[in-house]
Structure formats: structure tokens, C-alpha cells
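Welcome! Here is a short briefing to read alongside the sequence and the 3D view.

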Amino acid sequence: MAGKRIDYIDYLKGLSITWVVWFHTTHPWFVDFGFRIPLFFFASGIFFKIVPIKTYIQKKTNQLLVPFVFFYLLYYIYLIGQNYLADHSLKQFDFGCIWEVFELHRQNYNFTVNPPLWFICALFCQQVMTYLLVKIFRRRWLITIVAIILTYIGVKYVWDLYTPLMLGRALRYLIYYIMGHEFGKQLLGVVENGKRSSYYPLYAGTLLFAGAWALRKNLLLNDTLLTYIETFGLIVVLIYFFKWIHRFRLAYPFWFFGRNSYIVLGVSEIYQTIFMIIALHLFGEINIPIGFIQTLCTLILLWPTIKILNRKIPKLIGKGVLIDYSYLKKRFLLLPSFLSK
């Protein structure tokens with residue numbers, strides 16, 4: 001398993017990311033169920049590796065920072081074009097919104113420029129916190145306890161505060177990332193061992209999900225702890241579900257979008273906004289059927305977009321090394337000898 005991608009985990013990320021696209025349209029009530037974010041962070045945490053700090057900085061620069069900047073600037077250019085087409089002028093356009101990424105945000109408030117990119121900011125914060133927790137505490141049980149405490153602090157005290165780089169959201173979902181990192185591979189090992197005991201996590205996950213859901217609904221509780229238990233149970237069930245169906249061709253889109261989740265985050269808002277403008281112009285309102293069509297059309301357009309970006313500019317979307325610090329360091333060291341000539 002080490003060093004390999006696992007198909008059905010990409011399917012999990014694909015479900016999460018397509019659900020995010022659907023969530024940002026007019027949708028039925030059940031789409032509001034908040035599993036999409038925990039599922040994305042749990043799946044991402046499974047394959048997070050603790051590497052030397054120099055390697056870590058270079059990897060995260062190329063995997064997170066470079067695509068974030070690219071998609072952020074791409075949306076900013078789109079935003080300028082959209083405003084110009086709407087008003088035939090840019091006098092009213094706030095060019096300063098590009099710096100909003102450096103401002104403080106609270107709760108569910110997003111960037112004006114490419115709102116879904118909050119995922120990448122929160123993911124970066126979670127990876128830094130995970131790196132520090134592993135380096136400081138080392139033991140799995142201690143790391144988990146500290147992560148639970150930090151998540152509690154995030155929900156109880158930080159959520160309403162203004163924080164940089166979506167730190168408040170990162171803390172709210174930190175426990176999912178930590179659980180994915182600390183226990184995800186172990187869970188997958190049980191799922192794949194083929195023995196009768198491999199189904200024990202499925203039974204436990206089903207009971208946790210059903211029991212927490214029933215308590216919340218029947219007792220009219222809105223308990224945060226029950227929500228976390230319910231979501232963890234559902235994540236385990238979904239792992240088994242995609243383990244069973246991931247070879248069916250009809251499920252292939254989940255794999256495709258899961259493998260390219262950053263591109264979906266970076267481009268989907270542009271397509272969704274365009275379709276929303278067209279729908280408002282044609283029908284005067286957006287309802288659930290139109291929202292479903294908007295989601296479907298967005299995903300259809302994303303398909304060739306992903307293929308083109310992967311083929312033409314892989315280094316700008318996190319699939320290659322654009323910034324090599326070791327190379328820059330060598331060039332910097334050679335600079336004095338060059339200047340002395």
C-alpha cells in the first residue's frame with residue numbers, strides 16, 4: 001500500500017468534490033448534509049507523509065501554493081471580464097479584492113476571488129498542524145487526544161473569531177484529517193485483508209452512523225459530538241461502498257474527479273457562475289431542476305478542462321515541480337563567483 005494510490009480513496013474524494021459542486025447550486029435539502037468536507041479531509045489525510053522539513057516545504061510549495069496562486073489569479077481575471085461584460089466598464093470593480101486572501105475570515109465566509117479555494121488554505125493549515133503534532137507528540141493516541149482538544153477549541157472558541165488562511169475552518173475539521181493520517185491506512189488494511197473480521201469496521205460504522213443520526217433526529221438534538229460520530233460512521237461505510245463498486249464503469253467519473261480534485265476546486269466556480277447567469281437570463285430564476293442541470297453541465301465542461309490542464313500545464317496545477325529550491329540555492333551560491341568575474 002505504501003507509495004500507491006488506492007482507487008476507491010480517489011472515488012471517495014471524487015464523491016466529496018462533486019458534492020461540493022452540487023452544493024454550490026440550488027439543490028434539494030439532503031445535499032446540505034455536511035459529510036463532503038470531512039470526507040475530503042479524511043481522504044486527504046490518509047496519504048499525508050511526514051518528510052524532512054526541506055522536502056516538505058518544496059512539496060507543499062508545488063502541490064498547494066502554486067496551484068492556489070494559479071487558480072486564484074485565473075478567477076480574478078475571470079471576475080474582471082465578467083464585470084466588464086455586465087457593466088461595460090470597470091469603474092465599479094474592486095481591484096483590491098485580490099488581496100482579500102490575506103485578510104481575516106470567520107465562520108463560513110469565503111474569499112470573493114474563487115471561494116472554493118478555502119479548501120486549499122484549510123488543508124495547508126491542517127497539514128502544518130499535523131506535521132507539528134506528529135513531530136512533537138509522536139504517539140498516535142496522544143496525537144489524537146491533542147487533535148480532539150484542538151478541534152473542540154476550534155468549534156467552541158475560534159469559529160466565531162477572525163483568523164488568517166481559514167484557520168478557523170481548518171481547526172473545525174482537523175480531527176478528520178488527523179484520523180485519516182493516523183488510522184486511515186490501518187483501516188484500509190483491515191478492509192482489504194479478505195477475512196471475516198474485515199467487516200467489523202463496517203458493522204461499527206453503520207451502528208455509529210445510524211445511532212447518532214437517530215439520536216439527533218428523534219431527540220431533536222443538535223449535538224456537535226453526535227454530528228462528528230455520525231460523520232465518522234458514514235465515512236467508514238462509504239469506504240466499503242466504494243471498495244465494492246469502484247470497478248464499475250458508471251462510477252468512473254468519481255475516480256476521475258477525485259484524482260483531479262484541485263482542478264475542480266479551482267475552475268468549477270467559473271463554470272457554475274456562467275451557467276447561473278445564463279439560467280437567470282433564460283428563466284428568470286434558479287430552481288432545483290435547473291440547479292441539477294447546472295451541476296451536470298459544470299462537470300461535463302470540467303472533463304475536457306482537466307485533460308487539457310493536465311497535458312499542457314501540469315506544473316501550474318500541482319502535478320510537477322515548478323519551484324525547485326535546491327536548484328535555486330545552487331544558482332544563488334554561484335552568483336558571487338559570477339559577479340566577481
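Predicted model: local features only at pLDDT ≥ 70, side-chain atom pairs only at ≥ 80, totals over all residues.

**Surface and overall picture**

Residues are numbered from 1 along each chain as its sequence is written, and side-chain values use heavy atoms, with hydrogens and water left out.

**Fold**

- The protein chain has 13 helices and zero strands (DSSP runs: H or I of at least four residues for helices, E of at least two for strands, numbered from the N terminus).

**Size and packing**

- Along the principal axes, the C-alpha atoms of the protein chain fill a box of roughly 70 × 65 × 45 Å.
- Of the 341 residues in the protein chain, 45% are buried (under 20% relative accessible area, with exposed over 50% and partly exposed in between; 1.4 Å probe, protein chains only).

**Charges**

- The protein chain carries 35 positive and 15 negative charges, whose mean positions lie 15 Å apart (Lys and Arg are positive, Asp and Glu negative, with His and the chain ends not counted; places are NZ of Lys, CZ of Arg, CG of Asp or CD of Glu).

**Cysteines**

- The structure holds zero disulfides (pairs of cysteine sulfur atoms within 2.5 Å).
- Cys97 is in no disulfide, and its nearest cysteine sulfur, that of Cys121, is 15 Å away.
- Cys97 counts as buried because its relative accessibility is 6%.
- For Cys121, the closest cysteine sulfur is in Cys125 at 6.9 Å, too far for a bond.
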